[in-house]
Amino acid sequence: MKKIETIIKPFKLEDVKDALSELDITGMTVSEVKGYGRQQGHSELYRGAEYVVDFLPKIKIEVVVKDEIVDSVIEVVSKSAKTGKIGDGKIFVYDVEKSIRIRTGETDEDAL
């Protein structure tokens with residue numbers, strides 16, 4: 001099993017969610033996060049004063065999937081989150097050693 005963690009622009013959340021549901025991925029965790037990458041934030045003007053916005057709002061999506069569909073998940077997330085502009089986000093893939101469904105006690109892939 002793999003955990004796929006994706007950082008995307010907030011307005012792309014629905015597109016990514018819809019794309020993942022087409023792959024029959026029904027469970028995900030979504031968090032509102034802040035951060036920056038190469039874009040290093042940006043400057044804004046407010047009431048005549050310029051200030052720097054270091055951390056930009058982003059969305060973090062976490063899903064745990066079977067090894068066989070990892071490449072498909074990466075492909076659909078990449079396509080649905082892409083705008084072609086700086087700050088589109090990142091995808092990280094981690095190994096998952098064990099998963100347990102608390103309610104039933106099912107383990108590993110049965111718990112997904």
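The model is predicted. Glu5 sits in strand β1.

Its side chain makes a polar contact of 3.4 Å with the side chain of Tyr94. Leaving aside residues up to four places away in sequence, Glu5 touches Lys60, Ile61, Glu62, Lys90, Ile91, Phe92 and Tyr94.

Lys3 is partly exposed, because its relative accessibility is 24%.

Lys3 has another partner. A salt bridge of 2.8 Å, N to O, links its side chain to that of Glu62. Lys3 belongs to strand β1 and Glu62 to strand β5, so this pair ties together parts 59 residues apart in sequence. Glu62 has 16% relative accessibility and therefore counts as buried.

## Other salt bridges

How many salt bridges does a search of the whole structure find? The search finds nine. One of them joins Lys12 to Asp15, with the closest N and O atoms 3.1 Å apart. Lys12 counts as buried because its relative accessibility is 12%. Asp15, at 37%, counts as partly exposed. Shared partners join Lys3, Glu5 and Glu62 into one network of salt bridges.

## Helix α2: length and sides

Helix α2 covers residues 70-81. Its twelve residues, at 1.5 Å a residue, should span 16 Å. The C-alpha atoms at its ends are 16 Å apart, which agrees.

Which residues of α2 are buried? They are Val70, Val73, Val77, Ser80 and Ala81. These residues cover an arc of only 110 degrees around the axis, which puts them on the same side of α2. An α-helix has 3.6 residues a turn, so residues three or four places apart point the same way.

The face turned away from the buried side carries Asp71 and Lys79, both exposed.

## What covers α2

Several elements cover the buried residues of α2, including β1 (2-8), α1 (13-22), β5 (56-65) and β6 (89-95).

Methods. Residues numbered from 1 in each chain as written. Predicted model: local features only at pLDDT ≥ 70, side-chain atom pairs only at ≥ 80, totals over all residues. Heavy atoms only, no water. Helix = DSSP H or I, 4+ residues; strand = E, 2+ residues; numbered from the N terminus. Expected span 1.5 Å × (residues − 1). Buried < 20%, exposed > 50% of the residue type's maximum accessible area, 1.4 Å probe, protein only. Arc of directions from axis to C-beta. Contact = heavy atoms within 4.5 Å. Polar contact = N/O pair within 3.5 Å; in protein donor to acceptor, adjacent residues only side chain to side chain. Salt bridge = Lys/Arg side-chain N within 4 Å of Asp/Glu carboxyl O.
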